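Dear colleague,

Please find below the structure that I am handing over to you.

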2 protein chains.
Amino acid sequence: MTEPVLVVGSTALDTVEGPTGRADDVLGGSSVYFAAAASLFAPVRLVSVVGEDFPDEARDLLARRGVDLAGLEVAPGRTFRWHGRYTPDMNDRETVSVELNVLGSFRPKLPEGYRSTRYVFLANGPTATQHSVLDQMSGSPYVAADTMNLWIENEREELERLLGRVDLLILNDAEARMLTGRQSLWAAAADLAARGPRTVAIKKGEHGSYLAGRGGPCVVPAFPLESLVDPTGAGDSFAGAFMGHLARAGSMETEELRAALAAASAVASFTCESFGPDRLLSVTLGELDERIDALRKLAAF
Amino acid sequence: MTEPVLVVGSTALDTVEGPTGRADDVLGGSSVYFAAAASLFAPVRLVSVVGEDFPDEARDLLARRGVDLAGLEVAPGRTFRWHGRYTPDMNDRETVSVELNVLGSFRPKLPEGYRSTRYVFLANGPTATQHSVLDQMSGSPYVAADTMNLWIENEREELERLLGRVDLLILNDAEARMLTGRQSLWAAAADLAARGPRTVAIKKGEHGSYLAGRGGPCVVPAFPLESLVDPTGAGDSFAGAFMGHLARAGSMETEELRAALAAASAVASFTCESFGPDRLLSVTLGELDERIDALRKLAAF
């Protein structure tokens, strides 16, 4: 039986606008995109927080995917809200507004039954919160983590310590450069892999993804999308597919790590095809296999 | 016997500076980098111009590679000089100074024996000059061309007409976006392939290269260089390896076009390992095969 995957991260109601249109108050957040992707491969346990305004339909969407919501706390107040706007070229975005709401005081407490989960993903969030989750775990889980510029700037020391506690670091190219001060992505990845994580996966958007350390070096191209609607959640669904694939494979051998990278790249491409997680939630394993196969053909030379 | 490849482009004495050091008056120019790379695979005929100050040693370097220099005109005056400076991250460069010198009045005239060459590369240059070369050719050569922002801005109409006369367009990502007005590189490449060239090869620097149209879609990663010394000439040596590979293969089948892309990517990586064409000129076919093999392993997932 496939081992479950635990994710600790945000749940949000997102408003997204850009050259392809606008969507208001759609289901979002790192834990949601991760769970939607990982549940294609493995059972998922979600630890997050929502407010009293969180719609039942959103909860049902995840429950129908078999996501275990025992760790989804409902706190007094409103759900975390993020409003972002993509640039005309879709390569960058600005935050129009953020309401932390219940996320501001979120101190994840793992249900007893979650503490021995074998696969754990610490989504982007305050580094102390990421440490506190690991402090609650028993056994020796396979731990993956993400981070962002805010924590790299302000919590450098705690973050360096976190690197020593994770097996897999998943971040984007700008973050890898910022965290290491190295311009060459190859050098940045090698540097990070030497600081603790056995494996480093770097997301490069339209330029694909790169795996360094154990399993690497490996490059998977991005799938050439005809219609890029909204990249929000692509990174978290990338992580979800990566971890879900590993849990299903039950192995961290080189071949599986590389196949996980391909699955992650393929799944992230579906995420970009709609506002919110709609397209991601409708993907079938057959469609996924087709897209992974297309990536392999793209890289056959 | 492998058919020869004809290149028409610039010959320069380059001064290059950047975070990795500085080199003064090194051999450069598009025809030189192209010829150095293509001569790994096929006989090369070079059409270009130099001044009376062009050093004999530079000429000898090319002659020793078997490059046919019957088309290298020596004009009264000084050789074209370019002085560039790379940014600290090596991802961009600025031109410190340009002295066109003899290149300013260069009107290439093909030696009679060159006019039926089967493979022709029109390096970056005034679009009218590129047309004039094709006007001098007989038969139906396989034609590849490069261009740059200056001509895209100022010679749009002539450039559009050129697209209808070439089989293979080789340009970088920024140029592809500029020429089509499309932000998505996939869309830009598809658009270009619909305007005449059967095949479009897009160079993306550290992000590798992409082939669209006939032979595509195909993505080849960049080789993860440990020491990037000077990217000058990488693009022209990419084109040289691509065309040289095709000439040696004697075929424009999909498989050969994709192998040409891999060879081009590998050769360009050697070019970046030294100032000037030194490293490129020292590459052996054995080293090249090793690097192509490494690229294939990098893309095995």
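Two residues are taken to be in contact if their C-beta atoms, placed from the backbone, lie within 7 Å. Please also bear in mind that this is a predicted model.

With that cut-off, one helix pair of chain B may be described. B:Thr127, B:Ala128, B:Gln130 and B:His131 in helix H3(B) meet B:Glu158, B:Leu159 and B:Leu162 in helix H5(B). Sorted by class, the residues of this contact comprise 3 nonpolar, 3 polar and 1 charged. Helix H3 covers residues 127–136 of chain B and helix H5 covers residues 156–163; the two pack at an angle of about 30°, and their axes are 9 Å apart. The crossing of H3(B) past H5(B) is left-handed.

The crossing of H8(A) past H9(A) is right-handed. Among the residues that meet are A:Phe238, A:Phe242 and A:Leu246 in H8(A), and A:Leu261, A:Val267 and A:Thr271 in H9(A). The contact of H8(A) with H9(A) has 13 nonpolar, 3 polar and 1 charged residues.

Turning to the overall form of chain A, its secondary structure consists of 11 helices and 13 strands. The radius of gyration of chain A is 18 Å, close to the 19 Å that the globule rule gives for 301 residues, so the chain is as compact as a globular protein of that length. Along the principal axes, its C-alpha atoms fill a box of roughly 55 × 45 × 40 Å.

Nine-stranded pairing is found in chain A: an open sheet of 9 strands runs in the order E5-E4-E1-E8-E9-E10-E11-E12-E13, with mixed pairing. Strand E5 (68–74) and strand E13 (218–220) of chain A stand at the edges with a single partner strand each, so one side of each is left without a neighbour in the sheet. On average, neighbouring strands of this sheet are turned by 15° against each other, direction ignored. Within the sheet, strand E9 (residues 142–145) and strand E10 (residues 168–172) of chain A run parallel and are joined by 2 bridges. A:Ala144 has A:Leu168 in E10(A) as its bridge partner. Helix H1 (residues 30–38) of chain A lies across strands E1, E4 and E8 of that chain, running at about 165° to E1(A).

In chain B, an open sheet of 4 strands was found, ordered E3-E2-E6-E7 and mixed in its pairing. Its edges are strand E3 (21–28) and strand E7 (93–99) of chain B, each with a single partner strand, so one side of each has no neighbour in the sheet. The twist from one strand to the next averages 15°. Strand E2 (residues 12–18) and strand E6 (residues 80–86) of chain B run parallel and share 6 bridges; B:Ala12 stands opposite B:Phe80 in E6(B).

How many residues does each chain give to the contact between chain A and chain B? Each of the two contributes 24 residues. On the side of chain B that touches chain A, helix H7 (185–193), strand E13 (218–220) and helix H9 (254–271) of chain B give two or more residues. H9(B) gives the most, with 4 residues. This side has 17 nonpolar, 3 polar and 4 charged residues.

The same surface serves both copies, as 100% of the contact residues of chain B recur in chain A.

With kind regards

Key:
Residues numbered from 1 in each chain as written. Chains lettered and ligands numbered in written order. Predicted model: local features only at pLDDT ≥ 70, side-chain atom pairs only at ≥ 80, totals over all residues. Nonpolar A, V, L, I, M, F, W, Y, C, P; charged D, E, K, R; others polar. Left-handed = near helix turned anticlockwise from the far one by under 90°. Pairing = 2+ DSSP bridges. Axes fitted to C-alpha atoms, helices over the stretch in contact; angles between N-to-C directions. Rg over C-alpha atoms; globule rule 2.2 N^0.38 Å.
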